[in-house]
Amino acid sequence: MSNPNGYSRERAWSLLNEHTQSISLLKHALAVETCVHAYGEREADAQGLTGEVRAAFIEQYSVTGLLHDFDYEKHPSQQEHPFVGNKILTDQGWPEEIRTAILGHAEYSGVPRVTHLDKTLFACDELAGFLTACSLVKPTKSIHDVEVAGVRKKMKDKAFAKGVHREDIIKGTEELGVPLDDHIAFCIAAMQKNADTLGLEGSSANPPA
């Protein structure tokens, strides 16, 4: 369905691929989208949205997750990301709600996170990356073998996935108003449902000879 605001997930996916070649960055975008989309569904239900209004609401969450790092490959510095991307999105007429959430996911941007969408993107970004890392160190390389307790243990291991900012996960969860264990479990479940697309379906740890 085409969003009444003139954008779509398909258009977002096309823009992401136009600016991003890295498979890992594309998979990260999909992982973040997966978690943010799931929260969008939950929020839409909480607001009692139905029909096309509900679909458009959720699509906005998906698009925000997909596009949050679309300029990162070409413009990774804090001076450029996500500001270069924001200019592109502005020039192309993407909604302010999406652009503001993307700006706000970078702590150094100084853009406050006010809306549920703003807070959801920030809360899901680093966690989605961390859950991917937790999956890939499993013998099965599967998100289906990732559990909350194991994630919490890995969060305390500073040598593991050093690029992930644990403080952002914790702060984001607090801003979203969700207990950390619940947030981790929610995102694991969302990623499990989309495991094949994320490349995290994995395989049996002990395949038959």
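Here are some notes on the structure above, as numbered points.

1. Before the details, a word on the ground rules. This is a predicted model, in which local features need pLDDT of at least 70 and side-chain atom pairs count only at pLDDT 80 or more, while totals for chains, interfaces and linings use all residues. Residues are numbered from 1 along each chain as its sequence is written, and side-chain values use heavy atoms, with hydrogens and water left out.

2. Let us start with the rings. A pair of aromatic rings is described by the distance of the centres and the angle of the planes. Five aromatic pairs are present in the structure. Rings of Phe, Tyr and Trp (its six-membered ring) pair if their centres lie within 6.5 Å; planes under 30 degrees apart count as stacked, over 60 as edge-to-face and the rest as tilted. For Tyr 39 and Phe 186 the centres are 4.1 Å apart and the planes are at 40 degrees, so this pair is tilted. The pair links distant parts of the chain, with Tyr 39 in helix 2 (residues 23–46) and Phe 186 in helix 9 (residues 180–193), 147 residues apart. Helices here are DSSP runs (H or I, at least four residues), numbered from the N terminus. Both Tyr 39 and Phe 186 are buried; buried means under 20% relative accessible area, exposed over 50%, and partly exposed in between (1.4 Å probe, protein chains only).

3. Phe 130 and Phe 160 form another pair, with ring centres 5.5 Å apart and planes at 85 degrees, so this pair is edge-to-face. Phe 130 belongs to helix 6 (residues 116–136) and Phe 160 to the loop between helix 7 (148–156) and helix 8 (166–176), so the pair ties together parts 30 residues apart in sequence. Phe 130 is buried at 0% relative accessibility, and Phe 160 is buried with a relative accessible area of 10%.

4. Two rings also carry a charge over them. A charge sits over a ring if NZ of Lys or CZ of Arg is within 6 Å of the ring centre and within 35 degrees of the ring normal. Lys 154 lies over the face of Phe 160, 4.6 Å from the ring centre. The charged end of Arg 113 sits over the ring of Phe 122, at 3.5 Å from its centre.

5. Next, a look at helix packing. Helix 3 (residues 51–67) packs against helix 6 at an angle of about 40 degrees, and their axes are 10 Å apart. Axes are lines fitted to C-alpha atoms, for helices over the stretch in contact, and angles run from 0 to 180 degrees between N-to-C directions. That angle makes helix 3 oblique to helix 6; angles under 35 degrees count as roughly parallel, over 145 as roughly antiparallel, 65 to 115 as roughly perpendicular and the rest as oblique. From helix 3, the contact uses Gln 60, Tyr 61, Thr 64 and Gly 65, and from helix 6, His 116, Leu 117, Thr 120 and Leu 121. Contact means heavy atoms within 4.5 Å.

6. The backbone has some spots to look at. Most residues other than glycine have a negative phi, and most peptide bonds are trans. The peptide bond from His 81 to Pro 82 is cis, with omega near 5 degrees, and Pro 82 lies in the loop between helix 3 and helix 4 (83–91). Lys 141 has a positive phi, near 55 degrees, and is not a glycine; Lys 141 is found in the loop between helix 6 and helix 7 and is partly exposed at 45% relative accessibility. Ala 161, also not a glycine, has a positive phi of about 45 degrees. Ala 161 is in the loop between helix 7 and helix 8 and is partly exposed, with a relative accessible area of 22%.

7. His 183 is a residue of helix 9 and is buried at 0% relative accessibility. Not counting residues up to four places away in sequence, His 183 touches Tyr 39, Ala 123, Cys 124, Leu 127, Thr 173, Leu 176 and Val 178.

8. Ala 31 lies in helix 2 and is buried at 0% relative accessibility. Leaving aside neighbours within four places in sequence, Ala 31 is in contact with Ala 128, Thr 132, Met 191 and Leu 198. Lys 27 is in helix 2 and counts as partly exposed at 33% relative accessibility. With neighbours within four places set aside, Lys 27 is in contact with Thr 197, Leu 198 and Gly 199.

How values were computed
Helix = DSSP H or I, 4+ residues; strand = E, 2+ residues; numbered from the N terminus.
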